[in-house]
Amino acid sequence: MLIQISFVSIQIYAVIRKSIIKLQCVDEKSIHINMSYSVIQAKVMDGVNSTHEYFMRQAIKEAEKAADINEVPVGAVIVYDNRIIARAHNQKEMLKDPTAHAEMIAITQCAEYLQNWRLTGATIYVTLEPCAMCAGALVQARIDRLVYGAVDKKAGACVSVMNLVQNPKLNHRLEVIPNILADECRDILKRFFLENCRIR
Ligand SMILES: [Zn+2]
């Protein structure tokens with residue numbers, strides 16, 4: 001009986017989490033329409049790096065949202081057809097879910113938006129080098145490109161600890177562009193951990 005009840009609550013939780021992500025997704029649809037002006041701005045910025053920096057700044061904004069709610073500040077956006085179609089930040093504490101990393105939530109939003117689990121043609125911008133879970137999910141999602149900010153020497157799975165996203169034995173490999181606004185991305189994390197040390 002107890003097992004049945006906890007199984008039902010897990011199912012209810014899964015439905016609620018999916019609804020939260022869907023709601024965020026609906027929100028994204030209106031956001032990305034409103035963002036078309038910003039996207040035009042990004043297009044006219046000269047050079048590919050400026051475009052990467054523009055979208056990374058949007059990921060940084062997401063990381064700041066995470067810091068505001070006392071989550072480790074990591075943010076991500078996914079760009080498709082030069083538009084942001086998913087944006088998310090780490091929500092592990094709030095959702096009490098070890099899989100609620102910014103990248104995982106953004107991947108789900110993007111798949112929901114495209115109505116396709118294959119995220120071919122999309123680029124993810126994330127403030128921190130993805131971990132093994134997120135790197136694996138990016139490979140599974142067949143996403144084209146990963147642009148990240150700071151390296152994660154302790155858990156990064158794109159260069160630091162291992163390289164899952166460009167493993168020749170796997171059936172999909174991503175183009176990787178590292179170190180975009182790396183200092184800013186690292187500073188948010190440093191500030192967060194410093195402040196939390198002081199509080200504790
Ligand atoms: Zn991760």
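**Exercises on a predicted model**

Strand 4 and strand 5 pair in the parallel sense, over three bridges. The model behind these exercises is predicted.

**Exercise 1.** Work out the strand order of the sheet and find which strands stand at the edges.

*Solution.*
- Step 1. The sheet is open, has five strands and runs in the order 2-1-3-4-5, with mixed pairing.
- Step 2. Strand 2 and strand 5 (175-177) each have a single partner strand, so one side of each is left without a neighbour in the sheet; these two strands stand at the edges.
- Step 3. Between neighbouring strands the turn is 20° on average, with direction ignored.
- Step 4. For a residue in strand 5, take Val176: Leu146 stands opposite this residue.

**Exercise 2.** Describe how helix 3 packs on the sheet and which face of the helix is buried.

*Solution.*
- Step 1. Helix 3 spans residues 48-68, 21 residues in total, and reaches 31 Å from its first C-alpha to its last, close to the 30 Å expected at 1.5 Å a residue.
- Step 2. Its buried residues are Phe55, Met56, Ala59, Ile60, Glu62, Ala63, Ala66 and Ala67.
- Step 3. Viewed down the axis of helix 3, these buried residues fall within an arc of 165°, so they line one face of the helix.
- Step 4. Ser50 and Asp68, on the other side of helix 3, are exposed.
- Step 5. Helix 3 packs on the sheet and touches strand 1, strand 2, strand 3, strand 4 and strand 5, while its direction makes about 140° with that of strand 1.
- Step 6. After helix 3 comes Asn70, with a positive phi near 65°.

**Exercise 3.** Identify the element that gives the most to the largest nonpolar core, then list the contacts of Ala106.

*Solution.*
- Step 1. The largest nonpolar core has 49 residues, and Ala106 is among those with the most contacts inside it, as are Val77, Ile124, Tyr125 and Leu138.
- Step 2. Elements giving two or more residues to this core include helix 3, helix 5 (102-114), helix 6 (132-140) and helix 7 (182-199).
- Step 3. Helix 3 gives the most, with seven residues.
- Step 4. With neighbours within four places in sequence left aside, Ala106 is in contact with Ala76, Val77, Ile78, Ala86, Arg87, Ala88 and Ile124.

**Exercise 4.** Decide whether Gln109 is buried or exposed.

*Solution.*
- Step 1. Gln109 lies in helix 5.
- Step 2. A residue is buried if 20 or more other C-beta atoms lie within 10 Å of its own.
- Step 3. Gln109 has 25 C-beta neighbours inside 10 Å, so Gln109 counts as buried.
- Step 4. Gln109 and Ile85 are 24 residues apart in sequence, yet 7.8 Å apart in space, C-alpha to C-alpha.

How values were computed
Residues numbered from 1 in each chain as written. Predicted model: local features only at pLDDT ≥ 70, side-chain atom pairs only at ≥ 80, totals over all residues. Helix = DSSP H or I, 4+ residues; strand = E, 2+ residues; numbered from the N terminus. Expected span 1.5 Å × (residues − 1). Buried ≥ 20, exposed ≤ 12 C-beta atoms within 10 Å, placed from the backbone. Arc of directions from axis to C-beta. Core = buried A, V, L, I, M, F, W, Y, C linked by C-beta atoms within 7 Å. Contact = placed C-beta atoms within 7 Å. Pairing = 2+ DSSP bridges. Axes fitted to C-alpha atoms, helices over the stretch in contact; angles between N-to-C directions.
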